[in-house]
Amino acid sequence: MTDQKFLDTETLASEASSLRSVAQFKDWTRTRLRRVFPHGALGCGYGRLHAGGVAIDGIIAVDYPLAHLRNICNAAGGIDTPILRRWLITREPQLFDASAPEPDTPPDWLANFRAADMRNAAAHAVYDTQRCMGTYHSFHRIPGRLGASHALQLKELAPILHETMCRLVGPLSPQLQDTSPLAGLSPREREVLAWVGQGKLNNEIAQLLFISEITVKHHLTNIFQKLGVSNRVQLVRIALEEEARMRDGYGLRVL
């Protein structure tokens, strides 16, 4: 593990400021960040602040197993882990060794954690009241023994990651908007498409939505144009893919 005093945060911040996309951010964490803070997987969550805490909008997953991500999503679509809960209480960097868990660690969560080979974890977050945005950075598969140097480095890395994410996926960035293929559809058009995905005919959709069959056809024409497809089979495929995306992510946007 690189000693904390050699962590060149000024250079890292400068490099991060030049990143222009989530793809570049991922490459930078793999090729650069791992050299100064070794790890095998990284999950960076982001969301808006509100009176009760943070509403998670999504997560940038860098070699982070999506199966484990599904296991830690609650019914409301948010992330729920004992590591995050401890951070919310202490607001300090959290170090977690799966071989020596705290007594109150939920057994089911620990079993999933170990099954995903997440191993050593180090996490820290930033509450940005000025931007009304919070970010959470969870490093996993960290080699060696976790110690104070990891916590110190996290305190220096978290602000850099936070600033980068605010710029790339913050509330004023188009990337925070719905990134699914259906982003340009109206709510009613999404309803029509959902029923198409379930094999409903135009007259059946009209009855279900209490609209005329002509209106259904009008919505379908718009959907065809917006999605760039030419037949109903293609629409069904897109609808099924969207349903699977939402089911697998519990509505959580994964970048």
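**Salt-bridge exercises**

Searching the whole structure turns up 12 salt bridges (a side-chain nitrogen of Lys or Arg within 4 Å of a carboxyl oxygen of Asp or Glu). This is a predicted model, where local features need pLDDT of at least 70, side-chain atom pairs count only at pLDDT 80 or more, and totals for chains, interfaces and linings use all residues. Residues are numbered from 1 along each chain as its sequence is written, and side-chain values use heavy atoms, with hydrogens and water left out.

**Exercise 1.** Work out which parts of the chain D63 and R34 tie together.

*Solution.* Start with the contact: the closest N and O atoms of D63 and R34 are 2.6 Å apart, a salt bridge. Helices (H or I, at least four residues) and strands (E, at least two) are DSSP runs, numbered from the N terminus.

**Exercise 2.** Decide whether E102 and R86 are buried, partly exposed or exposed.

*Solution.* First, the pair: E102 and R86 form a salt bridge at 3.7 Å, N to O. E102 is in the loop between strand 3 (94–96) and helix 5 (107–115), while R86 is in helix 4 (residues 82–90), 16 residues apart. Now the cut-offs: buried means under 20% relative accessible area, exposed over 50%, partly exposed in between (1.4 Å probe, protein chains only). E102, at 29%, is partly exposed; R86, at 16%, is buried.
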